[in-house]
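Me: I've got a model open and I'd like to talk through its ligands, its confidence and one of its sheets. Can you take my questions one by one?

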Amino acid sequence: MKVRIVVSYVPRYRRGHRFHFVPPVTGIHLAAITPPEHEVELFHEQVRPVPVDASPDVVALSFFSGFARRAYALADRYRALGVRVVAGGPHVSYWIEEALEHVDVVVTGEAEAVWPSVLRDLARGTQRRVYRGEPTSLAGLPTPRYDLLEERFLVPRVLQATRGCPFTCSFCTVPDLNPGFRVRPIDEVIRDIATTHFPRFWQEKVAWFWDDNLLVQRRWAKELLRELAGLDRWWLTQASIDIVKDRELLDAMERSGCIGIFLGIESLDEADLKSVDKRQNRAREYRDAIRKLHDRGICVMAGFISGFDDQTPEVIASTADRLNEIGVDVPFLSILTPFRGTPLYDEHRRDGRILEERDWPHYSGYGVAFRPARMSPEQLLAAHRQMWNRAFAPAAVLERLARGARSLSRGAMMLSAAMNGFYGLKQITGNEPAAPPLEPKGTIRHPAPGDAPARLSRLGLKRDGVGISQ
Ligand code: B12
Ligand code: SF4
């Protein structure tokens with residue numbers, strides 16, 4: 001069969017992006033695990049329009065909640081042409097019934113164990129409507145199909161080396177979606193990084209791990225870093241802030257070419273962190289933690305969330321200055337979003353705080369889909385935009401770059417300059433995060449409170465307070 005994989009996307013800025021740094025790993029991974037008897041093509045809607053024609057036998061759609069309406073519209077058009085559509089990913093894993101109104105087959109959870117049989121059944125015309133992908137071992141996974149990537153992605157070597165996270169932040173679907181913590185065999189990760197795939201030197205040089213929390217298992221991580229050190233690469237990933245307690249790990253990160261770490265800092269206030277069960281963070285230790293990474297020349301990218309219950313519009317706007325004070329090199333500023341599959345969703349649903357009239361575009365990370373405690377949804381949106389504009393104003397960007405020039409390694413400085421330049425340019429040209437449209441909207445049928453069976457319990461797993469156990 002001819003399988004067209006489509007990764008849906010909706011621009012989240014008023015005038016979209018001109019540059020596209022990094023692709024998702026989802027599409028190239030799904031293409032790699034597609035059995036060879038099928039012909040695969042791949043489209044990232046982020047960088048080029050997706051053709052809607054009847055040439056593929058099957059369209060495989062992947063999307064986040066914020067892009068669901070767009071993906072469904074695409075699915076409807078393909079189905080009108082008689083093309084069968086399969087959907088997977090973090091949205092449909094929790095919204096099966098909704099997705100089945102637009103697609104033929106839904107794959108929930110992780111695809112590895114079921115994808116070949118989904119395709120086999122489709123080829124025979126005996127497909128089921130729902131396949132439940134359970135977490136499996138990460139050993140033996142193929143190298144992502146980098147050859148299928150569009151050239152417009154500047155840093156194409158993305159990969160995943162681990163899955164899952166031992167923490168339980170209440171706004172995050174990872175503990176439920178990817179339970180436990182699993183690692184790939186190190187030689188297979190190194191194979192994916194060591195092999196030559198790309199035409200430009202920096203594309204060979206940089207490896208971007210799209211992991212949930214790469215460095216959790218310290219022994220495995222240190223061994224991986226030892227191997228990486230021999231490759232003369234630069235690498236980046238997401239990690240939890242507790243890594244700074246392990247000096248040996250930090251040194252190994254520096255030696256192995258780490259140029260950037262994304263930390264989910266989320267808030268500068270302890271009460272906010274406590275309210276979302278972010279127990280690994282200590283606001284008073286941020287400055288010191290960031291200094292330890294700077295001492296090794298590593299660029300600190302940090303996620304901040306607006307919309308915690310204790311926050312006021314003033315607190316949110318002032319965060320823009322406070323994040324520079326603690327030393328963050330590149331801020332990523334989003335709005336709290338109650339995704340189904342998280343404890344936050346269940347709480348907000350129970351307390352009647354979900355804004356049911358707000359459709360999926362409000363779940364893109366830059367919209368407000370719930371009733372904040374101490375301000376209106378409109379005030380939260382406005383405060384977030386104010387913070388974003390302050391954080392990427394020329395003075396704030398220059399302050400970060402000047403500090404970076406003193407503390408960051410060459411690769412880390414290039415990363416910081418590229419990211420700050422990218423967002424700074426958006427700020428001065430008024431290309432800020434777009435406000436999601438209030439109309440037209442679809443209908444989200446939220447389940448009755450308490451009627452949101454978490455994947456975790458279906459899998460016979462439970463949260464034990466520090467992580468996930470059987
Ligand atoms: C890497 C990552 C990013 C990267 C890359 C984004 C991208 N487009 O891929 C960055 C940092 C840019 C990012 C940004 C955002 N992210 Co993000 N991200 C992740 C993360 C940590 C890993 C995703 C990943 O690549 N995994 C590895 C690949 C191989 O696995 P996978 O994508 O899950 O795909 C597997 C299955 O889902 C399934 N599958 C997926 N699609 C399909 C399709 C078909 C047809 C089939 C059969 C199977 C299938 O099979 C795959 C193999 O098992 C996840 C957490 C997680 N564990 O899912 C969050 C996550 C996906 N992100 C999330 C969010 C909310 C965002 C943001 C909106 C955050 C924000 N506030 O701005 C933005 C959106 C930006 C954008 N442009 O898309 C949410 C999505 C929740 C939801 N219901 O939508 C997640 C789940 C984290 C969370 N908060 O819970 N993110
Ligand atoms: S540390 Fe990050 S990946 Fe882990 S549960 Fe919290 S937000 Fe999710």
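Me: What is the distance between a nitrogen atom of ligand 1 and an N or O atom in the side chain of Asn-178?
Reply: This is a predicted model, where local features need pLDDT of at least 70, side-chain atom pairs count only at pLDDT 80 or more, and totals for chains, interfaces and linings use all residues. Residues are numbered from 1 along each chain as written, ligands are numbered from 1 in the order written, and side-chain values use heavy atoms, leaving out hydrogens and water. A polar contact here is a pair of N or O atoms within 3.5 Å. For Asn-178 and that nitrogen of ligand 1, the distance is 2.7 Å.

Me: Which elements give two or more residues to the shell around ligand 1?
Reply: Helices (H or I, at least four residues) and strands (E, at least two) are DSSP runs, numbered from the N terminus. A residue belongs to the shell if one of its heavy atoms lies within 4 Å of the ligand. The elements are α1 (26-32), β3 (58-62), β4 (84-88), β5 (105-109) and α5 (174-177).

Me: Why does ligand 1 lie between two domains?
Reply: The bounds come from an automatic or database domain assignment. The shell takes residues from both, so ligand 1 lies between domain 1 (2-133) and domain 2 (155-428).

Me: How many nonpolar, polar and charged residues are in the shell around ligand 2?
Reply: Ala, Val, Leu, Ile, Met, Phe, Trp, Tyr, Cys and Pro count as nonpolar, Asp, Glu, Lys and Arg as charged, and the others, Gly among them, as polar. Around ligand 2 you'll find residues including Cys-165, Cys-169, Cys-172 and Lys-278. By class that shell has 6 nonpolar, 1 polar and 2 charged residues.

Me: What is the mean pLDDT of the protein chain?
Reply: pLDDT is the predictor's confidence in each residue, from 0 to 100. In the chain, 96% of residues reach 70 or more, and the mean is 94.

Me: Which residue in β13 stands opposite Gly-264?
Reply: β12 (residues 258-266) and β13 (residues 299-306) pair in the parallel sense over 6 bridges. Opposite Gly-264 stands Gly-303.

Technical notes:
Polar contact = N/O pair within 3.5 Å; in protein donor to acceptor, adjacent residues only side chain to side chain. Pairing = 2+ DSSP bridges.
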